[in-house]
Amino acid sequence: MNKHSTSFRVRYGETDQMGVVYHGNYAQYFELGRIDWLRKLNISYKDMENSGIMLPVISLQCNFKKSALFDDVLTVDTSLVKKPMVKIEFNYTITNQDNELICTGNTVLAFINMETSKPTRCPDYLFEGLGF
């Protein structure tokens, strides 16, 4: 599975006094898309961490095109960029209920062995879930 869509409604607490989504929330929206993308592969962050692997974000990019507003229904499209090795990379597009482009983004995460705090290869079960 290369692409997955997740929709949600913007909550009041995610906006400023003008009703515009605060820019810092987009990292959380990307995370929402990533976690749901993994869940569709029957893989959970929690299970991954329980098995000794964590996935910290090592790079995040966001390009804003239009403001998202309180009560908008946003859709995060999450796409895997390439076969994961020691890192996994995702591209994102966020659109509103009118299919207007709100932003595009990219994150790179590293597979880290929690015991050694060193980079490690992508777990086999993730490769299998991706069909590699």
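Does T78 count as buried or exposed, and at what relative accessibility? T78 counts as buried, because its relative accessibility is 0%. Here buried means under 20% relative accessible area, exposed means over 50%, and partly exposed is in between, with a 1.4 Å probe and protein chains only.

## What you're looking at

This is a predicted model, where local features need pLDDT of at least 70, side-chain atom pairs count only at pLDDT 80 or more, and totals for chains, interfaces and linings use all residues. Residues are numbered from 1 along each chain as its sequence is written, and side-chain values use heavy atoms, with hydrogens and water left out.

## The overall fold

The protein chain has three helices and eight strands. Read from the N terminus, the order is β-α-α-β-β-β-β-β-β-β-α. Its radius of gyration is 16 Å, close to the 14 Å from the globule rule for 132 residues, so the protein chain is as compact as a globular protein of that length. That radius is taken over C-alpha atoms, and the rule is 2.2 Å times the number of residues to the power 0.38. Helices (H or I, at least four residues) and strands (E, at least two) are DSSP runs, numbered from the N terminus.

Along its principal axes, the C-alpha trace spans about 45 × 25 × 20 Å. Of the 132 residues, 42% count as buried. If you take the contacts (heavy atoms within 4.5 Å) with a separation of 6 or more, 66% of them join residues 24 or more positions apart.

## Surface and charge

The accessible surface of the protein chain comes to about 7,600 Å², and 49% of it belongs to carbon and sulfur atoms. Areas come from the Shrake-Rupley method with a 1.4 Å probe; for residues, only the protein chains shown count as cover.

As for charge, there are 14 positive and 15 negative side chains, with the centres of the two sets 5 Å apart. Lys and Arg count as positive and Asp and Glu as negative, while His and the chain ends are not counted. Each charge is placed at NZ of Lys, CZ of Arg, CG of Asp or CD of Glu.

Helix α1 covers residues 25-40, which is 16 residues, and reaches 23 Å from its first C-alpha to its last, close to the 22 Å expected at 1.5 Å a residue. That expected span is 1.5 Å times one less than the number of residues. Buried residues in α1 include Y29, F30, G33, R34 and W37. After α1 comes N42, with a positive phi near 60 degrees.

Back to T78, which sits in strand β4 (residues 73-80). Leaving aside neighbours within four places in sequence, T78 touches G33, R34 and W37, and its other contacts are N2, K3, H4, F90, N91 and Y92.

## L101 in strand β6

L101 belongs to strand β6 (residues 101-110), and at 37% relative accessibility it counts as partly exposed. Beyond its neighbours within four places in sequence, L101 is in contact with K65, K66, T93, I94 and T95. L101 and V20 are 81 residues apart in sequence and 15 Å apart in space, C-alpha to C-alpha.

## Two loop residues with positive phi

D71 is a residue other than glycine with a positive phi, near 75 degrees. D71 lies in the loop between β3 (57-64) and β4, and counts as partly exposed at 38% relative accessibility.

S117 isn't a glycine either, yet its phi is positive at about 60 degrees. You'll find S117 in the loop between β7 (112-113) and β8 (118-119); at 54% relative accessibility, S117 counts as exposed.
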